[in-house]
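Please look through the structure shown here with the text below at hand.

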Amino acid sequence: SMWQLFTIPFSHYCEKARGALDYSRRPYQERGYLPGLHLTATALRGRGKTVPMLKAGAEHLTDSSDILQFVDRERNVDVPSLFGRDEATRSEVIRLEDWLDESLGPSTRLLAYHYLLDSIETLVQVAGQGYGPLGRLGLGMTMRSLRGGIRKGYHITPDRAAQGMERIGKVFAETDARLSASPFLIGNSFTAADLTLAALSGPVLMWPESIHRFDRRIVSHDPIEGLPDAFKTIVQSLRKTPTGQHAQRLYRDWRRASS
């Protein structure tokens, strides 16, 4: 039976899983939910509270790293592995992927929410692309009612946002250094480390190509235009870094070719 990926369409960890599936060329169907409602979808299947969740035959996977490794094992025969060709590369890819999951992912989400929860309209313009017109309407209502809960749940305060910004700066400094030495994060080929970097930096780079649209078309206008000034300045400066440029190239060259 067809694989199913349960997502909150705009979640950057869901984009990581979606990216791996597209790359692997295994057909799958995405089931996108509104935040909060995804809980009923995953709970009905007896599977905890998190998305992405991949249902592939008897397999139910809910960790984005587990999904990547599973999808890589099941990939189409003519698709190169996301984990390189040898054991040394594989362990380096996994190490970098874990590091990005823990140090980059939470910080970019925190920062985007910090600046956008005050302006639900702007948030829906960006995050709502993953839904049709009705879903977009629902997203606005949902985010208004969840706003307080999100702030509490992710401990979003100006102080923590400043710390998040600092952490993103540190990660980008390290990935910038790697990219000055080679075309990809690890040597000369695209790996799960690059995929993870591209997906998890999405909330603070907002390249139009990286915004997931429900109909798979590329977003035609640059979402940066509608951002609050303070956030816009941050996004602009991060885009100019080698890491920001690398993420855009990955979306333009690799991501579109595989989706």
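Ser 64, Ser 65, Leu 68 and Gln 69 of H3 are in contact with Arg 90, Ile 94, Glu 97, Asp 98 and Asp 101 of H4, contact meaning heavy atoms within 4.5 Å. Two of the residues in this contact of H3 with H4 are nonpolar, three polar and four charged; Ala, Val, Leu, Ile, Met, Phe, Trp, Tyr, Cys and Pro count as nonpolar, Asp, Glu, Lys and Arg as charged, and the others, Gly among them, as polar. The model is predicted: local features need pLDDT of at least 70, side-chain atom pairs count only at pLDDT 80 or more, and totals for chains, interfaces and linings use all residues. Residues are numbered from 1 along each chain as its sequence is written, and side-chain values use heavy atoms, with hydrogens and water left out.

Helix H3 spans residues 64–73 and helix H4 residues 87–103; their axes come within 11 Å and cross at roughly 150°. H3 is therefore roughly antiparallel to H4 (angles over 145 degrees count as such, and those under 35 as roughly parallel, 65 to 115 as roughly perpendicular and the rest as oblique).

Among the residues in their contact are Leu 110 and His 114 of H5 and Gly 164 and Met 165 of H8. The contact of H5 with H8 has six nonpolar, four polar and two charged residues.

Strands S1 (residues 3–7) and S2 (residues 28–32) run parallel and are joined by five bridges (pairing needs at least two DSSP bridges). Phe 6 has Arg 31 in S2 as its bridge partner.

Key
Axes fitted to C-alpha atoms, helices over the stretch in contact; angles between N-to-C directions. Helix = DSSP H or I, 4+ residues; strand = E, 2+ residues; numbered from the N terminus.
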